[in-house]
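The following paragraphs lead through selected features of the structure shown below. Please keep the sequence and the coordinates at hand while reading.

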Amino acid sequence: MDLGLNETQEILRRIAREFLEAESPNALVRQMEQDEKGYPPELYRKIAEQGWASMILPEEFGGDGASFLDLCVLNEELGRAIAPVPLHDVWLSQYLLLDLASDEQKKQYLPALGSGDTIATIALTEPSARYDAGAVATTAEADGDEYILNGTKLFVSNANIADLLLVVARSRAAVNKEEGISVFAVPANTPGISITPLVTIALDKQCEVVLNNVRVPASALVGPLHGAWSAIERVIDKGKVLICTWSVGGASYVLEMTVYSAKRRVQFGRPIGTFQAISHKCADMAIDVDGMRFVVYHAAWRLSEGLPADQEIAIAKGWTADAYRRVTALGHQVHGGVGFMMDYDIQMYFRRAKMAEVLYGDADLHRELVAQGLGL
Amino acid sequence: MDFQWSAEEAAFQKEVREFCIANLPADWHEQYQDDEEAFDFSRVAAKKLGQKGWLAMAWPKEYGGLGASHWKQALFNYETSYQRFPGVGGIGIGMAGPTMMIYGTEEQKKQWLPDIASGAAYWCQLFTEPGAGSDLASLQTRAVEDGDDYVINGQKIFTSGGHHAVFGWAGFRTDPNAPKHRGISVFVVPMDTPGVTVRPLINMTGVHAQNEIFFDDARLSKDNLVGERNRGWYQMATTLDFERSGVGRYGAATRILEEIVEYAKDTRLNGHTIAQEPRVRNKIANMAIEMEVGKYIGFRIVWMQSKGLIPNREASMSKVWGAEMMQRLANTGMMTMGMYVQLRRGSKHAQMAGRIEGQYKATVVGSIAGGSSEVNRNIIATRGLGLPR
């Protein structure tokens, strides 16, 4: 058993941290919370130059063929810096296309996604706010050599800046809800699409996407008609683990900020970190951070190696969802009054921890999955 | 990164599993005996482990061990705990022996090590005093030089197994004028020494497991002082290279959780199985998740040691997590049973042989003994996070 990163991963982590400290400071993150687009194109261009938008693509599409585990290592640093860039959505779109798309479609979309020239996001969830196939009510109706899409998608990340939407729709009614699901590659400016950013606790750009008689050519279908659901499930799994590694990075940084604060804040004639009520909270945060790390990377490693990972993924999300929240709550307690202020950084992490908690299903949902995995 | 066991490690774990099953009664897991009741059997078990060289497997071969790697030791501890195989570890194996190996004379090693490694001699620990618990270095029991002997006066408390032990591994104050850490020496105490009185303590599980030990002018030969006089406290730190991941706790916990799951699936109450109740599913699943979290907090220590790194705050984390997790596990088991939680082993209608009721009481001490949660959180905070004292 080897719980460490390899040399390449260590280098990637170090480079990513240095780059993000320099190019994505918290001041920029704050700015982007108020920004209409929510991301700085200039930073995204530099990130693409680093190869981060293309790293998991095969070489023929301009990538490095990096593993999912490598991506997770990078993503932890992105979570530490809470960098305001749409990499999560671009990566998952790439994985979905790699899984389902024809060679022609891959050639059409992947290089531009890898170079940072285009941005894509998957439009999956709907007002029912669930991740199972039964929740997909958006319809795709065949009409000659076109499909007509109708429905509402909700909580679609970065739809407002996306050039391409990968829309998950029900193309056929079925008793087994996992049948009859198809994916369509739809340019975001297609007539009939209206995108409205929601105002969220994390001030990220999750959007409502209304599809009103949106006509797409037959060539927009990605993968088998009626048969896309298992690929969607695989992408959801990756999404869960990515959000978990992102959480590990954020929680680690919150711990560092909190210890820093406890050492410097003086009350009753001494740094408050000398009081056990404070230092013990920090110890509990440290246990939570380390606790998250290994169950998350266990799931990441298994996914990356192509091993069955359902239970490990459920454990990772079932733990991390609550743990990241706990760490930020304890961190706030230690920060005291100043932490409640907008100009302190910890509140940015507190708000994002809630987003990470509920995306892809919260801890209760995943505990139920674990219970099923135990045979209960 | 690799979360799987190597073929060699997996084979060893299988070997341990088969040995345990072959040497335990068939109905071992259906009964619930605590460590004290199973004591005699545990000594038989220890000697069998001794014969295989497994009891002291971490020790160098020259002292009766196998020089086993950290991973092997951890796997052994995990599997024997999962199988509830008694007789593993102990003060002789984990503390007295290792300190003696480094600091003892050849005569001392010849005299005491072989019987520890074979399982023939059971040891207890004589450190804690009524006034020296978490502040262990403040211990006061005096060892005064007198000719070829030291004369011991004072009292120890909470001595587990003191009534069974042949030898005690003791910390006594040999210099009352030095700063507290610098006036302690370690001694081997034959428990039948005149002047040594063992008085039973009954703990809240109803069992005589711990004792008070009184020293009234008890005489020890100077040959029983191990290592350097007044350096006893610092010598103890060198035993830290041995197994301290706490993974054994997860072996035991995994078994209990499996039994809780079986119980929930098999037991019907009010028209459905207990396993169908949403809050039960949620709590049991959370326990399973906590156990995975804790398992790697433990194995992370083994991984560090295998890389030659010295775990410090990581060991404290494992102790805090492990002890408190066992309490939460007992709570989870209790919650699964509703009103039946109250029924002790032996009672009509008692569930799971009363194991959960017993665990619920027994685990109270886990976050207190062997380094309290408060002390360990202090270590995490100060040595681990660099917070000021």
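At what angle do helix α4 (residues 91-103) of chain B and helix α5 (residues 106-118) of chain B pack, and how far apart are their axes? In this predicted model, the packing angle is about 155°, and the axes of the two helices lie 10 Å apart. Angles over 145 degrees count as roughly antiparallel, and α4(B) and α5(B) are therefore roughly antiparallel to each other. Their crossing is left-handed.

The residues that form this contact can be listed by helix. From α4(B) come Gly92(B), Ile93(B), Gly97(B), Met100(B) and Met101(B). On the side of α5(B), the contact is made by Gln108(B), Lys109(B), Trp112(B), Leu113(B), Ile116(B) and Ala117(B). Sorted by class, the residues of the contact between α4(B) and α5(B) comprise seven nonpolar, three polar and one charged.

Strand β6 (residues 196-202) of chain B is joined to strand β7 (residues 208-221) of chain B by seven bridges, in the antiparallel sense. Within β7(B), Phe214(B) is the residue that stands opposite Thr197(B). The hairpin of β6(B) and β7(B) has five residues between the strands, and Gly206(B) in this hairpin adopts a positive phi near 90°.

Along the principal axes, the C-alpha atoms of chain A occupy a box of roughly 80 × 50 × 40 Å. Which radius of gyration would a compact globule with 376 residues have, and what is the value for chain A? The expectation for such a globule is near 21 Å, and because chain A has 21 Å, the two agree.

A helix pair may be examined in chain A as well. Helix α4 (residues 68-81) of chain A and helix α5 (residues 87-100) of chain A cross at roughly 165°, and their axes come within 12 Å. The angle therefore makes α4(A) roughly antiparallel to α5(A). The crossing in which α4(A) passes α5(A) is left-handed.

Which residues meet across this pair of α4(A) and α5(A)? In α4(A) they are Phe68(A), Leu71(A), Leu74(A), Asn75(A) and Leu78(A), and in α5(A) they are Leu87(A), Trp91(A) and Tyr95(A). The contact of α4(A) with α5(A) has seven nonpolar residues and one polar residue, with no charged residues.

Methods
Residues are numbered from 1 along each chain as its sequence is written. Chains are lettered from A and ligands numbered from 1 in the order in which they are written. This is a predicted model: local features need pLDDT of at least 70, side-chain atom pairs count only at pLDDT 80 or more; totals for chains, interfaces and linings use all residues. Side-chain values use heavy atoms; hydrogens and water are left out. Axes are lines fitted to C-alpha atoms, for helices over the stretch in contact, and angles run from 0 to 180 degrees between N-to-C directions. Helices (H or I, at least four residues) and strands (E, at least two) are DSSP runs, numbered from the N terminus. Angles under 35 degrees count as roughly parallel, over 145 as roughly antiparallel, 65 to 115 as roughly perpendicular and the rest as oblique. A crossing is left-handed if the near helix is turned anticlockwise from the far one by less than a right angle, and right-handed if clockwise. Contact means heavy atoms within 4.5 Å. Ala, Val, Leu, Ile, Met, Phe, Trp, Tyr, Cys and Pro count as nonpolar, Asp, Glu, Lys and Arg as charged, and the others, Gly among them, as polar. Two strands pair if DSSP finds at least two bridges between them. The radius of gyration is taken over C-alpha atoms; the globule rule is 2.2 Å times the number of residues to the power 0.38.
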